[in-house]
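Please look over the sequence and the structure before reading the points below.

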Amino acid sequence: MKKALIVFPDEWIKYSPSVLNTIECLKNDYIVDILTFDNETFNTNLDYKNVKFIKINSIINYLLVKLRLYVLVKFLILF
C-alpha cells in the first residue's frame, strides 16, 4: 500500500473540510500520515490514528505571536 503525508501548517485541521475530505478520499488507497501543529488553542481530537502533532506550549506561543515570530518558527520547524 502506498503512503501519503499531509503537512498542515496551522492548528485548525479539525475545522478544515478540504483537508478532511482529502484524507477521506486518500485513506482507501493510501496509508495517510498527518503532520500538524497543536498550540492548545483549538480542539485537535481527530478520528485518524496517524496524526502527529508538533506541540507548542501556550506561553511560548503567546511570546512568539507577540514578537511576530510565530509563522517564521513554524516554517523553520517544518523544514
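**Thr36 and its surroundings**

Setting aside residues up to four places away in sequence, Thr36 touches Phe8, Asp10, Ile13, Val51, Lys52, Phe53 and Ile54. The model is a predicted one.

- Thr36 lies in strand E2.
- Thr36 has a relative accessible area of 1%, so this residue is buried.
- From the side chain of Thr36, the backbone oxygen of Phe8 is reached at 3.2 Å.
- Asp38 also has its place in strand E2.
- Asp38 counts as buried because its relative accessibility is 7%, and buried means under 20%.
- A polar contact of 3.0 Å links the side chain of Asp38 with the side chain of Lys55.
- Apart from neighbours within four places in sequence, Asp38 is in contact with Thr44, Phe53, Ile54, Lys55 and Ile56.

**The largest nonpolar core**

- The largest nonpolar core consists of 10 residues: Ile6, Phe8, Ile13, Val19, Leu20, Ile23, Val32, Ile34, Leu46 and Val51.
- Two or more residues of this core come from each of strand E1 (2-8), helix H1 (17-26) and strand E2 (30-38).
- Helix H1 gives the most to this core, namely three residues.
- In soluble globular proteins, nonpolar side chains tend to be buried together.

**Leu20 within the core**

- Leu20 is one of the residues of this core.
- Not counting residues up to four places away in sequence, Leu20 touches Ile13, Lys14, Leu46 and Tyr48.
- Among these, Ile13 and Leu46 also belong to the core.

Technical notes:
Residues are numbered from 1 along each chain as its sequence is written. This is a predicted model: local features need pLDDT of at least 70, side-chain atom pairs count only at pLDDT 80 or more; totals for chains, interfaces and linings use all residues. Side-chain values use heavy atoms; hydrogens and water are left out. A nonpolar core is a set of buried Ala, Val, Leu, Ile, Met, Phe, Trp, Tyr and Cys residues joined through side-chain atoms within 4.5 Å. Buried means under 20% relative accessible area, exposed over 50%, partly exposed in between (1.4 Å probe, protein chains only). Helices (H or I, at least four residues) and strands (E, at least two) are DSSP runs, numbered from the N terminus. Contact means heavy atoms within 4.5 Å. A polar contact is a pair of N or O atoms within 3.5 Å; within protein, one must be able to donate a hydrogen and the other to accept it, and residues adjacent in sequence count only if both atoms are side-chain atoms.
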